[in-house]
Each structure stands twice: as C-alpha cells, then as structure tokens.
Amino acid sequence: MDVTIFLQLVISGLLIGFVFSLIAVGLTLIWGVMDILNFAHGDFLMLAMFSAFLMFANLGVDPVFSLPVIVGLLFFVGLLTFRLVIKPVLGYHALIALLATFGLSIFIRNVVLFFLGPDFRVINQSVLAGKRISFLGLHLSLPQLVSAIGCVLITYVVYLFISKSKFGRALRATALDKDTALLMGINTNRVFALTFGLGAACVGAAGGFLVNFYYVFPEVGLNFAILSFVIVALGGFGNIGGAFLAGILVGLVENIGGFFVGPEFKYTLVFILYLIVISLRPKGLFGW
Amino acid sequence: MQNDKNFYIIFSIILIFMAVAPLVIQNTHFQHLLIMLLLFATLSQAWNLIGGYAGQVSFGHAVFFGIGSYAAMAPLTHWGLTPWVGMLIGGVVAIIVALIIGVPVFRLKGHYFAISTFAVAEVVRELFTNWEWVDGPIGLDAPVLEQGFYNLMFYKNKLPYLYIVLVFFFIMMLLTFRMERTRMGYYFRAIKQRPEAAQAMGVHISKYKQYALMMSAFFTAICGALYGLYILHIEPATVLSLDISIKIVLITALGGTGALWGPLLGSIILIPLQEYSRIWLGGTGKGIDLILLGALIVLICIYEPRGIVGLLKRFNFQKGKN
Amino acid sequence: MAVLEAKDVSMYFGELAALKEINLSVEQGEILGLIGPNGAGKTTFFNCATGFLTCTRGDIFFKGQNITRVPGHRVCHIGICRTFQIVQSFSEMTVLENVMMGAFCRHPNTSNSMHSAQDILDFTGLADKRDQIAGSLTLADQKRIELARTIATEPDLILLDEVMAGLNPAETEEAIELIKKIHQKGLTIIVVEHVMEVIMNISHRIAVFDSGELIVEGPPEKIVRDERVIQAYLGEEYHA
Amino acid sequence: MKKSIILALFLILLLGISSAVSAAEEVEVALLYPLSGPLTEAGKRMKSVYEVAAEVINGSYDIQGVPYAKSEGIPGLNGAKITVKFYDTQGSPEVGKAETERILQEGTAKLIIGAYQSAVSKPTSFVAERHKFPFLCAVSSSAALTERGLKYFFRVAPTDFHDSRMFFNFLDDMRKQGKKVENVAIVYEKTEFGVHAMKEVKKRVDESKGIYQVVADVPYAFKSTDVNAEVLKIKAAKPDVIIHATLFSEMTLFAKTYENLGVKSNANLSFCGGYQNPKFASQLKDTVEGYMGSCTFAEDFIRKKAQLKTINEMYKAKTGMNLDGIAMEGFTTLFVAVDAFSRAKATDPESVTQALRTTELVIATLPGKGVKFDENGQNIWIDSTMSQIQKGEYKVVWPSDWATTAMVWPMRP
C-alpha cells in the first residue's frame with residue numbers, strides 16, 4: 001500500500017468533508033431549532049450553484065467574488081420560504097412541514113428546469129478552476145482547497161454567532177423550548193425566520209464554493225441533501241459543532257472506506273457508520 | 001354506533017365504485033390509475049399503522065416493500081414458484097426483519113428514528129444491488145408464464161390485477177378500522193401522544209411499537225409483491241429506493257396521518273394529480289407538470305395543514321352550522 | 001402490612017445523588033404527603049416506585065413483593081398508578097377515551113373498558129364532558145382527567161404528583177374533595193404537593209425530602225413545628 | 001364526509017372518461033423518453049432530433065444516401081405525413097410502463113420508439129410484446145435487450161457487445177504498433193447499463209487469453225457526490241487503459257478528479273454515455289483533451305459525408321449543439337420506421353412488424369451499411385468508430401477508413 005495514496009485519501013476526504021459540513025450546518029440549524037426537516041435544502045444548494053454559474057456566464061463575475069451576493073440571495077430565499085411556506089404549517093404535524101418543503105423542492109427544481117433547461121454546466125475558466133498544488137506526489141486542487149478553507153471559516157463564524165451573539169442566545173433558547181422562549185419575550189417567529197435565512201445562507205455559501213469544481217444542473221442538490229440528513233443526525237440535531245465534525249467524518253469514511261472496501265459501498269459505509277454510532281449513542285455523536 | 005354505520009356505508013360505496021367503474025370505462029390506462037391508486041392507498045395505510053397511529057415516522061419502508069417484491073419475484077423467476085407463496089414468504093421475512101430492526105431502533109426518538117430507518121433501507125438496497133442471485137442492479141424480469149391466477153399474470157386484461165389489489169385494500173381498511181376500536185388501537189395512539197403516560201397506564205411501549213411495525217411490514221411486503229407482479233420488472237433502484245419510502249409518507253401526510261381515511265384520500269389526490277398532470281402537461285421536457293404538482297402540494301399544506309381529512313372535517317363542520 | 005415499602009433506596013445520576021438511602025413505608029388506607037423543595041427527590045422517588053427508573057441501590061416492596069426491577073408497564077398491573085407533574089393527558093383523545101386508556105389495564109375488551117370508564121366519569125364528575133377533546137379543556141379538567149384515568153386502572157396505591165399545582169382556590173377545593181372521595185374507596189395515596197395548607201389538610205402523615213434525603217416524617221402537626229423543615233423551606237426561599 | 005368522498009370518486013370517473021382521445025389522421029409514432037427528472041437533458045436532446053427527423057421526412061430535402069428525405073411524407077402511404085408524439089418516462093420503469101400502456105390504449109400511434117435507459121426499455125418493450133405491437137429501440141445499449149427472444153422488438157444502435165469488440169480491436173491494433181495497452185481498468189456505474197458494459201469487457205478480456213488483464217474493477221454508485229476513492233483506486237492500479245461506462249454527471253467528475261489527482265493513462269475509452277454529450281468536450285476543454293470513445297456520429301463525420309451537414313445544421317438551430325452519436329441513432333431510427341411503413345403500405349401492427357423484420361435499409365447516417373435486423377431484432381449492419389476529443393472537438397481517429405485526424409497517443413504527454 002502506497003503511503004501517498006493513503007495520504008491523498010485523507011486529504012481528499014477532508015476537502016470534501018468540509019463542504020459536507022457547511023451544507024449540514026445549514027440543515028442542522030433549521031432542523032434543530034424548528035424541528036423541521038427541510039426537504040428543499042438540496043434545491044437551495046442548486047439555486048446557489050446556478051446563481052453563481054449564471055453570474056459567471058452572463059456577467060463574467062468569478063464565483064469567488066459573487067459569493068457574498070449568493071449568500072445574501074440565499075438568505076433572502078430562506079426568509080421568503082419561511083414566510084410563504086413554513087409559517088402557515090408551524091404547530092401542525094411535523095410531516096406536513098416535510099410535505100410542504102417536498103412540494104417546494106419539486107417546484108423549485110422544475111421552475112429552474114423550465115427557465116434554464118436540463119443541461120449540465122461546468123465552470124472551467126474561473127480564477128481557481130483547473131489549478132492545483134502538488135508536493136511529494138500529493139495533489140490538492142485549488143478550487144477544493146479554497147472551498148474547504150472557506151467552509152471551515154464560515155462554519156466557525158456561524159458557530160461564534162450562535163454561541164456568542166444575542167440572537168444566538170435567543171435561537172438556542174427557542175431550540176430548547178419554544179413556549180418558554182415565547183414567555184421570556186423572545187419573538188420566536190422572528191428567530192425562526194432568521195434561522196431559516198441563516199440555514200439557507202450556509203448552504204448558499206457551500207453552493208458558491210462547490211460550483212468551482214462541480215457540475216450544475218437542476219437535480220444536483222439531491223445527493224448532497226441526502227448525505228447531509230445523515231450527517232446532521234450523526235452529529236446530533238441542532239448541534240453545529242456536531243454537524244461540522246460529522247461532515248468531516250463522513251468525508252473521510254466515504255473516501256478511505258470507499259477505497260478499501262469498494263467504491264460502490266462508500267455511501268453504504270456512511271449509513272452503517274451512522275447505524276453503529278446511533279446504537280451506541282442514541283442522540284448522535286454530540287447530541288444533547 | 002353511528003360512526004361505525006357511517007364507515008360501512010362509505011366503505012361499501014367506495015368498494016362498489018372501484019369494482020364497477022373499470023367495467024363501465026374500458027380504458028386500460030384508467031384501470032392502471034385505479035390499480036396504482038388502490039395499491040398506494042393500501043401501502044400508505046400499512047405505513048399509517050406505525051407512522052400515523054403509533055407515531056413512529058419511518059423513512060425506510062422501501063425495505064419491506066423491496067423484500068416483498070423480491071420474495072415474490074425471485075422464486076417465480078428461478079423456480080416458477082407461484083407468487084402467492086412468494087408473497088407469503090415476503091410477508092414473513094418482512095416481519096422477521098421488522099423484529100430485527102425494531103429492537104435497536106425503537107430506543108431512538110423522533111428524527112433519529114426516521115433517519116435510522118432510512119439508513120437501514122439504504123444498506124439493504126446496497127445488499128440487493130450486490131446479490132448475484134437476484135441479478136444485482138439489473139433486477140428481475142418476470143418470466144413469460146401461462147396467464148392465470150396461479151401465476152398471478154394477466155396479459156390481455158388489467159381487471160384481475162385491479163380486483164386482487166381491491167381485495168387487499170379491503171382487508172387493509174377493514175383491519176385498520178377494527179384495530180382503531182381495539183385496545184391496541186388506543187395504545188398506539190397513546191404511545192404517539194404521551195409515551196410516558198401510556199407506560200404509567202400499563203402499556204408495554206416497545207412491544208406495541210413492535211406490533212405496529214410488524215403489521216405494517218407485513219402488509220407493505222404484500223403490496224411490494226403485488227407491485228412487482230404488476231410491473232413485471234423490479235430492480236433495487238426502484239423497489240428499494242428512497243422515492244418509494246417518501247412517496248408512502250407523503251401520501252399519508254397529504255391525506256391525514258393517523259386518520260382512517262387519510263391514506264385513501266391522499267392517494268385519490270396525489271396519484272391522479274401525478275398521472276394526469278404528466279399526461280396533459282408532460283412530454284415537453286420543461287417540467288410544467290411538476291411545477292404545478294409541486295405548487296399544489298405546497299398550497300394544500302398551507303391551506304389545510306391537517307391534511308385532506310382536516311379539510312373535509314372543516315367542510316362538514318361549517319355545513320353543520322349553517 | 002405496609003402497602004409500599006422502600007428500603008435503603010438510593011438513586012445516582014452519574015455522580016449526582018438524587019436519592020440517598022431512603023427508608024419509607026405507607027400503610028394500607030393511608031394518605032402520605034411528600035414535601036420538600038424543588039430537586040429534593042420527590043419525583044425521582046415516584047419514578048423509582050413506578051418502574052420509570054430503577055434505583056441504583058436498595059429495594060422497593062409492594063405488599064411484600066419486591067418490585068425494584070419490575071418494568072414500568074408492569075407496575076400498573078400490579079396495582080400502582082401515578083399522575084405526572086406536568087399534565088400528561090392524551091390531548092387528542094376525548095375525555096372518555098382518556099379514561100378508557102386506564103380501564104384497558106383491567107378490561108382488555110373495548111366495550112367493557114368503556115363501561116368501566118363511564119362509571120369512573122360519573123364518579124369523578126366528568127360525565128358531561130365525556131366526548132370533548134382532552135386538549136381543549138382547562139388545566140383543572142385535564143388534571144381531573146389524569147386522576148380519573150389513574151383510578152380507572154383499579155389500583156391499590158396511587159401516586160399523585162402535584163395534581164393541584166396551578167389551580168385556583170375553588171378548583172383546588174374541588175380537587176381535595178375528589179382525592180378524599182377516592183380515599184374513601186379504600187385506596188392508599190401518596191401525594192406530592194407544594195401548597196402547604198392542602199397537604200396539611202389531607203395527609204395523615206408527611207415525609208419531608210431535602211437534597212435526596214428523607215429528613216423527617218410524622219403527622220402534620222409535628223411537621224409544621226420541625227426546625228429542619230422550616231430551614232429547608234427558608235433555604236429554598238433564599239436561593240430563589 | 002360521505003358527500004366529499006362521493007365527490008372525489010365522481011371526479012376520478014370524469015378523469016377516466018376524459019382521457020379517451022380522438023384519433024389522428026397522420027401516421028403517428030409514439031416516443032418514450034425521460035423528459036423530467038435527472039435524465040431530462042438526454043431526453044430533450046432525443047426530442048429535438050426526432051423533430052428534426054420528422055421535418056426531413058415530411059419536407060423535401062436533398063440529402064444523398066438518405067432515402068425518404070427527398071420525398072414528402074411516406075411514399076408507400078401516398079405521402080402521408082409522420083407525426084411524433086412524446087411520452088415522459090421520468091426515467092422510471094414504472095412510469096414508462098404506464099405510458100406504454102397509455103400509448104396502446106389511445107391507439108393512435110402505429111409504432112413505439114423508446115426508451116433511453118435499458119432499465120426502462122426492458123419493461124416497456126415487454127408491454128408492447130404482450131400486445132404484439134412493434135417497438136423500436138433507438139439507443140439503449142444493454143446487449144441483454146436483444147437476447148430475450150422478443151418478436152416485436154428491434155434495435156438500431158450498436159450494443160455494449162459492438163462497442164467492446166471495437167475497443168479491443170482498437171487495442172489489438174495499438175498493441176501491434178508497439179503501444180502499451182495490456183493493463184485495463186474498467187470503471188462503471190452500478191446500474192444495468194454499467195454492469196452489462198463491464199461484463200462485455202470482461203468477456204473480451206477472457207477471450208484474449210491472457211493478453212489483457214483487468215487491473216482495476218471499479219464500480220461506483222450512480223449519483224455520487226465525489227469520486228476521489230474511485231479515482232485513487234484506479235491510480236493505485238496504474239492501468240494503461242481506462243474504460244468507462246459512465247453517464248454525463250459522473251463523467252465530468254471523473255475527468256476533473258483525474259486531472260486533480262494526477263492520474264496518467266495512455267488512453268481513456270468510453271462506452272456510449274457521458275462522453276458522447278457534446279457539452280462534455282465543449283465545457284471541459286483541456287481537462288478532457290485526448291479522451292476517446294465509441295462514436296456513431298460527430299460533426300467530424302461531415303468531412304467524410306458532406307451531405308449530413310444539412311441535418312447537423314437543423315439540429316444545431318434547435319439546440320445550439322452539434323449532433324452526437326446517440327442523437328444520430330435516434331434520427332436513423334425514425335427513418336427505419338418510415339421505411340417499414342412505406343414498404344408495408346399499411347400501419348397495422350402485424351404488417352409493420354413484418355416489414356421491420358425484412359428491413360434492409362441502406363442509409364448513410366451511421367457508420368456501417370445501414371440497418372438490417374437479425375432474428376433477435378438487433379441491427380447487424382451497424383458499425384462504430386473511435387473518436388477522440390482534440391481541442392474541444394470530437395475527431396474520428398480509428399479505424400483508418402473513417403479517420404479524419406491523427407490520434408494523440410498517449411493522451412496525456
């Protein structure tokens with residue numbers, strides 16, 4: 001067994017794991033605070049990727065620079081989703097929220113299909129694309145490296161925001177007990193709305209990074225969404241640190257496990273890992 | 001009891017309708033629609049036992065569905081065994097799998113439970129994808145055998161399929177209706193609402209969850225077998241997919257979870273909506289049909305978050321007042 | 001013979017001792033009051049006695065039978081039933097169905113259970129609300145439903161966890177009446193309550209918990225004069 | 001409650017009645033393709049090419065070597081026009097089956113053409129077989145489709161068998177030129193398409209009696225989020241040649257990952273799949289320079305057969321892309337249908353099927369002579385060529401009688 005191959009596996013696993021982390025952080029915020037499984041999460045990712053792509057293709061803005069716009073846009077999409085779709089179903093059976101976001105997911109995906117067509121698109125001439133750093137026979141692709149660093153930074157910012165800011169305290173209080181938070185004078189609807197926006201903004205940032213090295217088409221979000229559901233559960237619902245570490249863990253298992261056991265089993269390994277963890281720790285790795 | 005009488009009247013109307021309508025309208029596609037509608041109503045009712053009544057939301061019912069369809073199809077393809085026996089085998093295997101899954105999984109709460117069922121389903125799908133005997137990812141095609149009840153194959157006409165599915169739908173509905181009125185039915189609902197209080201009332205929670213899952217698994221497997229025998233081609237990517245698991249959940253949620261009529265109402269809305277939006281607006285490659293479908297689902301949720309059952313109740317209530 | 005007897009019962013959550021070597025017994029037909037500041041271990045004691053928790057050390061006997069390790073759902077069949085501090089009615093069921101849930105413990109058949117539940121509804125004065133959804137009723141009514149449901153299991157011993165918390169004086173009065181009425185049917189009762197007047201009024205004997213320890217027990221008139229009790233309560237006030 | 005349920009039932013009844021559709025006057029062909037869901041892109045390309053084909057048939061075009069282009073409509077049916085009607089399979093066997101039944105129920109279509117994925121072609125063609133209705137398959141590549149003994153099923157496209165045979169003829173040729181090609185890696189998605197392709201490759205390897213070795217057998221899950229583990233596995237095996245049975249989405253990932261992780265091989269060959277999509281070359285440019293794959297049509301063909309330019313221009317006007325092999329197979333398939341109608345001088349299923357069985361259509365659209373079906377319905381006059389991506393364009397590089405351009409070898413200097 002070649003050592004460089006193994007190191008490369010670890011590096012590649014980490015690089016993709018950080019992206020998983022950020023996607024999962026967006027999901028865990030919404031899921032943890034509002035107890036709503038956002039089925040349209042993957043479609044938010046797709047929206048972000050498409051926006052970045054369109055800005056690149058039509059305005060010539062490199063994805064690196066359009067990132068703040070994308071994040072803002074997705075924050076707005078999140079707010080809008082909350083206002084129009086989530087708020088009316090709050091307080092009813094959790095499955096109705098699931099159903100509503102499922103409908104939304106189909107809707108978004110096909111509206112994009114209608115206007116932008118089904119084609120796969122790739123950004124191949126951006127500032128980052130195609131460049132890589134090589135040393136000792138190891139390779140780090142620049143887009144992935146930048147994405148990974150960006151994802152870590154943003155996750156950390158979100159983490160600080162939630163644990164230190166006033167809004168973060170309100171958010172945590174709401175997550176623990178909505179009714180009590182309401183009694184304490186917290187405007188829970190506002191907290192929910194902002195949480196949804198924040199969750200969407202996270203996945204927006206992830207999409208903005210991902211577009212540098214991933215193809216875009218209307219159905220692109222689904223694979224990531226499914227994986228992020230598992231990551232969120234693995235890390236413990238509503239736990240940002242948990243989602244972050246679980247994302248990395250999944251990236252590593254997928255790469256290293258996939259290599260040794262067989263690539264067709266790599267997602268299976270992730271699911272088995274989840275089942276093992278959950279049977280030892282019923283509330284996830286870092287659940288409270 | 002007034003309630004019971006009402007049920008039997010409505011139920012008879014539906015059964016007679018479902019039995020007579022396809023005779024009046026000799027349109028195979030319409031018959032196909034009714035078959036799918038009844039199949040998914042039965043399937044969702046099976047899910048409703050565990051997910052609706054007992055409140056344990058499973059995203060992994062494709063496991064039982066897939067086991068059922070493979071159990072009917074594999075022995076049929078390899079040994080020519082009558083699918084009726086295969087169906088029964090599938091049901092029994094599904095119960096055993098439910099027992100195995102249930103023990104560790106029922107310790108989990110809420111979403112952890114849901115995601116675990118999904119994870120189990122994905123692992124099982126991967127097992128089938130790598131199982132040579134059932135041709136891995138290629139799946140199984142039903143061999144061309146003599147038509148008839150023994151092989152459960154009818155080429156010329158869809159009516160036999162329709163009536164067979166109708167019989168299972170009848171059994172499922174009646175069973176659920178009777179169950180609602182037994183101690184078990186009350187226990188399921190109690191577990192869903194207040195598990196601790198239920199325990200204080202002497203309810204063995206994990207045992208009853210297990211009962212619910214086993215019943216649910218059995219009937220889901222039966223439906224899986226019927227599906228396989230009807231479509232005549234099964235593969236892990238369809239019968240063991242997340243799509244199937246989700247569709248079952250969504251139909252029930254749309255109709256009303258934990259409600260007797262919920263699954264039927266959900267599939268009466270969703271299945272024709274899917275079929276006819278595709279027929280009338282599909283084929284363009286632009287997804288107009290699905291835009292409409294998605295928007296309608298969202299609107300239904302916003303307008304009536306209790307599901308269609310809630311809508312009907314509201315409708316009746318207002319009428320009563322006037 | 002004692003209906004319920006706790007011998008050296010200790011309960012630890014990790015390092016934290018919720019109960020420390022509790023020795024307590026309740027006689028047939030007695031109303032025992034449990035008082036003590038928040039976190040004193042009253043609810044933990046209930047949880048141990050009803051199989052919701054298994055105590056770390058010690059044994060609990062019910063009519064001489066060791067029930068320390070009997071699982072929660074069996075306890076009800078043996079003849080012990082409880083209510084909850086935070087109201088736990090089956091909020092989507094009707095009042096009748098709530099009570100039937102208790103009656104199923106003895107009457108597996110639905111119609112028998114319904115008859116039995118109907119009797120209980122008459123007894124507890126809930127008959128006119130029989131078909132209303134429990135979740136739509138007032139707190140007082142929901143607590144009453146819990147009581148009704150509890151006695152529907154036909155227990156020998158009931159454990160009531162703050163059934164009067166949050167009620168107004170008139171409702172409290174009614175609740176006291178009901179508890180006394182239940183007691184007259186021959187049930188043994190353990191009551192946890194914060195409202196002192198209430199507990200003094202109905203209890204035959206009172207046990208005081210503080211920080212997981214049983215600090216004193218005796219008749220009400222003795223308890224009110226006890227230094228340690230006053231201190232425990234004053235202490236709580238200081239901390240609050 | 002009672003009334004509402006009755007109302008709902010009544011509505012269903014209405015739907016049933018309303019779905020009876022009036023008959024068309026022209027000769028209608030039903031096409032089954034995925035027009036929503038993950039494979040929409042492929043389905044839409046097929047839709048466009050059939051529309052172009054119908055235009056060519058119904059109008060008068062002067063395209064040498066393409067019969068029925070000059071005449072308007074179907075000659076044998078007094079110039080009756082051909083119409084194409086599309087049905088959406090959503091990429092699912094279940095929906096595909098339902099749509100096939102609907103086609104047969106409506107009864108207006110005289111022939112069915114479909115589907116895209118082998119997994120959908122299989123159950124849908126069974127439905128047609130059971131109704132004794134002719135079913136033409138344009139592009140599904142699983143060799144197993146024409147090994148089932150169906151009597152109403154015909155396929156125009158080459159199969160995995162043809163492609164793999166072409167690959168190994170090519171490799172033999174390279175070997176004779178002293179190039180190193182013995183160590184083969186096979187990468188395939190774990191679906192019907194991929195597994196069949198892999199089995200054909202392994203058969204060819206076995207037949208070579210030890211000349212070739214499969215050094216890496218790398219299946220992967222369709223819809224992957226990344227392919228690092230897969231690519232590293234290939235890298236560790238150090239193959240001379242990598243053979244892909246991969247659809248577009250993963251193919252782009254593989255290409256990028258090969259580049260990122262510095263994987264070097266002499267050649268990268270693709271079965272019919274993502275490689276053939278013109279966007280693959282035009283979007284990934286340098287990343288995929290030198291990739292090769294089976295090819296039944298590329299713009300490059302026009303240099304050998306100038307008359308095909310007209311068709312390519314029409315398609316390009318519709319889609320903004322050049323024709324690719326898969327699209328050209330679809331194009332040809334509609335001509336096979338017209339040929340059958342014309343010779344049968346009738347449109348009833350039996351006559352049309354009979355005509356299809358005796359098809360001997362000489363047509364210049366594809367490599368090989370044209371279309372003739374064997375007893376299993378497989379086209380035996382089909383051939384395939386090897387194309388290579390050079391500077392974002394597909395150039396035919398092998399065999400020599402089709403080659404327009406010199407091959408770049410090894411693909412990455």
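A: In this predicted model, Ala52(A) sits in helix α2 of chain A, which covers residues 41-59. The relative accessible area of Ala52(A) is 1%, so the residue counts as buried, the limit being under 20%. Leaving aside residues up to four places away in sequence, Ala52(A) touches Ser66(A), Ile70(A), Ile123(A) and Val211(A). Leu160(A) lies 108 residues from Ala52(A) along the chain, and the C-alpha atoms of the two are 27 Å apart.

Next comes the interface of chain A with chain D. Here 38 residues of chain A are in contact with 36 residues of chain D. Together the two chains bury about 3400 Å², and carbon and sulfur atoms account for 57% of that area. On the side of chain D, the residues that lose the most area to chain A are Thr225(D), Asn260(D) and Gln283(D), which together make up 19% of what that side buries.

The interface holds 4 salt bridges. A salt bridge joins the side chains of Asp226(D) and Lys266(A), with an N to O distance of 3.9 Å. In chain D, the elements that give two or more residues to the side touching chain A are α2 (40-58), β7 (213-220), α7 (228-237), α8 (248-260) and α9 (278-284). Sorted by class, that side of chain D has 13 nonpolar, 11 polar and 12 charged residues.

Note on methods:
Residues are numbered from 1 along each chain as its sequence is written. Chains are lettered from A and ligands numbered from 1 in the order in which they are written. This is a predicted model: local features need pLDDT of at least 70, side-chain atom pairs count only at pLDDT 80 or more; totals for chains, interfaces and linings use all residues. Side-chain values use heavy atoms; hydrogens and water are left out. Contact means heavy atoms within 4.5 Å. Buried area is the accessible area (1.4 Å probe) that two parts lose on being put together, summed over both. Helices (H or I, at least four residues) and strands (E, at least two) are DSSP runs, numbered from the N terminus. Ala, Val, Leu, Ile, Met, Phe, Trp, Tyr, Cys and Pro count as nonpolar, Asp, Glu, Lys and Arg as charged, and the others, Gly among them, as polar. Buried means under 20% relative accessible area, exposed over 50%, partly exposed in between (1.4 Å probe, protein chains only).
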